[in-house]
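Welcome! Take a moment to look over the fold and its sequence, and then let us walk through it together.

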Amino acid sequence: MARKVMKTAKSPFELMPQQKSVHICMCGLSKNQPFCDGTHKTIQDEPENEIFEYDQEGRRTKIG
């Protein structure tokens with residue numbers, strides 16, 4: 001079953017205490033959850049007060 005998750009961050013959260021930094025997905029679009037795969041770069045142009053939905057192929061639709 002599909003579910004909707006509201007995410008507001010447009011960049012990953014960096015965990016730094018490891019030997020190599022680990023980036024956690026905060027946009028909700030990474031195909032490598034919970035880790036960032038760089039997909040957040042596609043949402044940088046989203047207007048702040050609008051709501052969008054993304055399909056499996058990453059196509060964006062404005063819903064609010």
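Let us begin with Thr39, which is partly exposed because its relative accessible area is 23%; buried means under 20% relative accessible area, exposed over 50%, and partly exposed in between, using a 1.4 Å probe and protein chains only. Keep in mind that this is a predicted model, in which local features need pLDDT of at least 70 and side-chain atom pairs count only at pLDDT 80 or more, while totals for chains, interfaces and linings use all residues. Residues are numbered from 1 along each chain as its sequence is written, and side-chain values use heavy atoms, with hydrogens and water left out.

**The chain as a whole**

- The protein chain has four strands and zero helices, where helices (H or I, at least four residues) and strands (E, at least two) are DSSP runs numbered from the N terminus.
- Read from the N terminus on, the elements follow the order β-β-β-β.
- The C-alpha trace spans about 40 × 30 × 15 Å along its principal axes.
- Of the 64 residues in the protein chain, 14% count as buried.
- The accessible surface of the protein chain is about 5,400 Å², and 53% of that belongs to carbon and sulfur atoms; such areas come from the Shrake-Rupley method with a 1.4 Å probe, and for residues only the protein chains shown count as cover.
- Among contacts between residues at least 6 apart in sequence, 18% join residues at least 24 apart, with contact meaning heavy atoms within 4.5 Å.

**The loop between S2 and S3**

- Thr39 lies in the loop between S2 and S3.
- Leaving aside neighbours within four places in sequence, Thr39 is in contact with Leu29 and Ser30.
- From C-alpha to C-alpha, Thr39 and Ala9 are 12 Å apart in space, and they are 30 residues apart in sequence.
- His40 also has its place in the loop between strand S2 (22–24) and strand S3 (52–54).
- Is His40 buried or exposed? His40 counts as buried because its relative accessibility is 13%.
- Again setting aside neighbours within four places in sequence, His40 is in contact with Lys10, Ser11, Pro12 and Cys27.
- Pro34 lies in the loop between S2 and S3 as well, and the peptide bond from Gln33 to Pro34 is cis, with omega near 5 degrees.

**The cysteines**

- How many disulfides are there? The count comes to zero, a disulfide being a pair of cysteine sulfur atoms within 2.5 Å.
- Cys25 is in no disulfide, and the nearest cysteine sulfur, that of Cys27, is 3.9 Å away.
- Cys36 is in no disulfide either; the nearest cysteine sulfur there is that of Cys25, 6.3 Å away.
- Cys25 counts as buried because its relative accessibility is 5%, whereas Cys36, at 24%, counts as partly exposed.

**The cavity**

- Rolling a probe the size of a water molecule over the atoms shows where empty space is left.
- A search of the whole structure finds one cavity of 30 Å³ or more; on a 1 Å grid over the protein atoms alone, a cavity is a set of points where a 1.4 Å probe fits but cannot get out, and lining residues have an atom within 4 Å of a point.
- The largest cavity has a volume of about 50 Å³, which is the space filled by probe spheres set on the grid points, joined across faces, edges and corners.
- Which residues line the largest cavity? Among them are Cys25, Cys36, Thr39 and His40.
- The lining divides into five nonpolar, five polar and one charged residue; Ala, Val, Leu, Ile, Met, Phe, Trp, Tyr, Cys and Pro count as nonpolar, Asp, Glu, Lys and Arg as charged, and the others, Gly among them, as polar.

Technical notes
On a 1 Å grid over the protein atoms alone, a cavity is a set of points where a 1.4 Å probe fits but cannot get out, and a pocket is an open set with protein on both sides within 12 Å along at least five of seven lines; lining residues have an atom within 4 Å of a point.
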